[in-house]
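Subject: Structure handover

Hello,

Here is the structure for you to look through. Please open it first, then read my notes below.

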There are 2 protein chains.
Amino acid sequence: MNLSPKSATAVSSRQAIEILRPCSKIAIITHYRPDGDAIGSMLALAASLQEWGKEVVCINRDPVPAYLDFLQTEQTFVCAPDTADLNGVELVVALDCATIERLGDSAVSLLPDVPVITIDHHITNEEYGDHLILDATSAATGEILYQIISENNLPLPTLSRDALYVAISTDTGSLQYSNATARTYSIMAQLVDAGVDVAHINSQTYFNHSVRKVELLRECLQSFSLSHDGQVSHWTISQAAQSEIGAQPGDMEGLMDILRGISGVRVCFTLEESSSGAVRLSMRSKDDLVDVSKICGHFGGGGHRMAAGAAINLPLEDCLQQVLAVTEKAL
Amino acid sequence: MNLSPKSATAVSSRQAIEILRPCSKIAIITHYRPDGDAIGSMLALAASLQEWGKEVVCINRDPVPAYLDFLQTEQTFVCAPDTADLNGVELVVALDCATIERLGDSAVSLLPDVPVITIDHHITNEEYGDHLILDATSAATGEILYQIISENNLPLPTLSRDALYVAISTDTGSLQYSNATARTYSIMAQLVDAGVDVAHINSQTYFNHSVRKVELLRECLQSFSLSHDGQVSHWTISQAAQSEIGAQPGDMEGLMDILRGISGVRVCFTLEESSSGAVRLSMRSKDDLVDVSKICGHFGGGGHRMAAGAAINLPLEDCLQQVLAVTEKAL
């Protein structure tokens, strides 16, 4: 397979359709640790191609995350690489995956040596494969797929419609991020017009958390504190509290938005005691002038300017004092 | 003024424009405890009418909630009733207010005896005033106003554009509720096309809360409870706690999403003790089979199927027992 950078030639959506047309069995792959745009795009294209008469196999190193399970109503699309039947595949479509590495070696190793069409919206895409549709002005790969489907009158079955809605919604923070353009909104209007059950699908996607998450939030808020003239907010959570609640990985996901959202806050952080005794620091910046990857770097961690983390081998209370001290210098 | 139920005659948006045309000074009133749709609609219409050459006064029993302050960039729109200059007002526009009572006695008492146009999207609207535009198929009063403005080529200055976006966004839970139709999405696309800074306005609207909000959340979570096999979630907050925190109108906005978002929950509610001693019930449904406007109707309140409220003159603990009992029957 043609999986090296800059190997792909740009094609129009009409040309892509002509490449797909003669193939009777097509594999779709997307990036590992798939998010809403990856899973949504994969299922949407799969259902649309299947309705067009193709046999379709979806493949991913990792399973569908629990919060997106509701989309996977069709049993025909097998995602796990160990169960996928890739015999007879004539074409591979690589969706929403900027780098060859992120396709996942274990999934790639199962693919036959056939042509690859890469479809993506990441400006950093390595342009691997044979044919390329790259549109960085699209908020999501789902937005590109909607245009391919509607411009070429491909079928838009219920699953495609709903999966495209989820793909676009999750990649734009429910249409709240700067990547959501008038075209993005307009495509969502067309999907809703085609019958998306807005309340149901959003409720499934965004309002489906465990009661443990609320219990963790209650516990976190016990230690909530605002310091440095309201510029720093934080909370901590002990291992004992997590144990009592029965916390599972992912339960804390998104809770920091509450700290981050406070007016006037420039930096916020969570200190989470782990079962090993180390303390996990997660930090967010709301201010271009404060680089939290530097603060976390001080503790042997790293990340990006606006989001970073570290693991610190100190008791929780000592950690807190040190993180506050290092943060103070960065303000 | 013609403030009795069923006094208003339905008019088209074109007829409404002809009623507005000869007036040089217009007052706009909306419901007390104004939310995003109330404030957004009020400021949007005010800015549009002002750009059309009218003098405009906005009046409300309560001030603009802090989280919507960012919209109030124009100093010309005085909202508090005690400072509003209503001399010479020739017409009153009542926006987004279903009942005469919710206009607020203290605000209404200042209005001159002039014709009233009522514009609303609540199906329960009492049809007070002289002229009525009532469209319950619109997700927000802001959605009706956008149509009036665009159909009649009224000016859409920046403030109107942004305020309509906020009105529609807040009344649809960021386009996630069942009231958001393809038309709603399409209008948002047109507003974005007209220049809305999507990231900025959403950050201001949803990620700019006061520290009081976090303190109120901490307090609410002390009474957090899940009942009826996990189908009902609620919390309560006393007047004493609100007082200590220094709670202001609007501080509780959006917190109920945490209750609503729990997997398996069909109905959630908040009971908020007010300074008058009455308890404010706010209720949300996640299930088409549970109509919370009926539950709230039992307590003399109302609203929509998925979001409703009531004011109950009972001690907090008695309220809780009664609301749980009525809710149980509705499950």
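Start with the distance between the domains of chain A. The centres of domain 1 and domain 2 of chain A, taken over C-alpha atoms, are 35 Å apart. Domain 1 covers 9-206 and domain 2 covers 213-330. These bounds come from an automatic or database domain assignment.

Some ground rules. This is a predicted model, in which local features need pLDDT of at least 70 and side-chain atom pairs count only at pLDDT 80 or more, while totals for chains, interfaces and linings use all residues. Residues are numbered from 1 along each chain as its sequence is written, chains are lettered from A and ligands numbered from 1 in the order in which they are written, and side-chain values use heavy atoms, with hydrogens and water left out.

**A strand in chain A**

Look at strand β5 of chain A, residues 116-120. (Buried means under 20% relative accessible area, exposed over 50%, and partly exposed in between, with a 1.4 Å probe and protein chains only.)

In a regular strand, side chains alternate between the two faces of the sheet. Both faces of β5(A) are covered. A:Val116, A:Thr118 and A:Asp120 are buried on one side, A:Ile117 and A:Ile119 on the other.

β5(A) has parallel partners. Strand β4 of chain A (residues 91-95) is joined to β5(A) by 4 bridges. There, A:Ala94 has A:Thr118 as its bridge partner. Strand β6 of chain A (residues 131-134) is also joined to β5(A) by 4 bridges. A:Ile117 is partnered by A:His131 in β6(A). (Two strands pair if DSSP finds at least two bridges between them.)

**Aromatic pairs between the chains**

How many aromatic pairs does a search of the whole structure find? (Rings of Phe, Tyr and Trp, the last by its six-membered ring, pair if their centres lie within 6.5 Å; planes under 30 degrees apart count as stacked, over 60 as edge-to-face, the rest as tilted.)

A:Tyr165 and B:Tyr185 form an edge-to-face pair, 6.3 Å centre to centre with 70° between the planes. This pair crosses between chains, from helix α5 of chain A (residues 158-171) to helix α6 of chain B (residues 182-193). A:Tyr165 is buried at 3% relative accessibility. B:Tyr185 is buried at 0%.

A:Tyr185 and B:Tyr165 also pair. Their ring centres are 6.3 Å apart and their planes lie at 65°, so this pair is edge-to-face. A:Tyr185 lies in helix α6 of chain A (residues 182-193) and B:Tyr165 in helix α5 of chain B, so the pair joins two chains. A:Tyr185 is buried at 1% relative accessibility. B:Tyr165 is buried, with a relative accessible area of 2%.

**A residue in chain B**

Finally, find B:Gln321. It sits in helix α12 of chain B, residues 316-330. B:Gln321 is partly exposed, with a relative accessible area of 44%. B:Gln321 and B:Asn202 are 119 residues apart in sequence. In space they are 37 Å apart, C-alpha to C-alpha.

Best wishes
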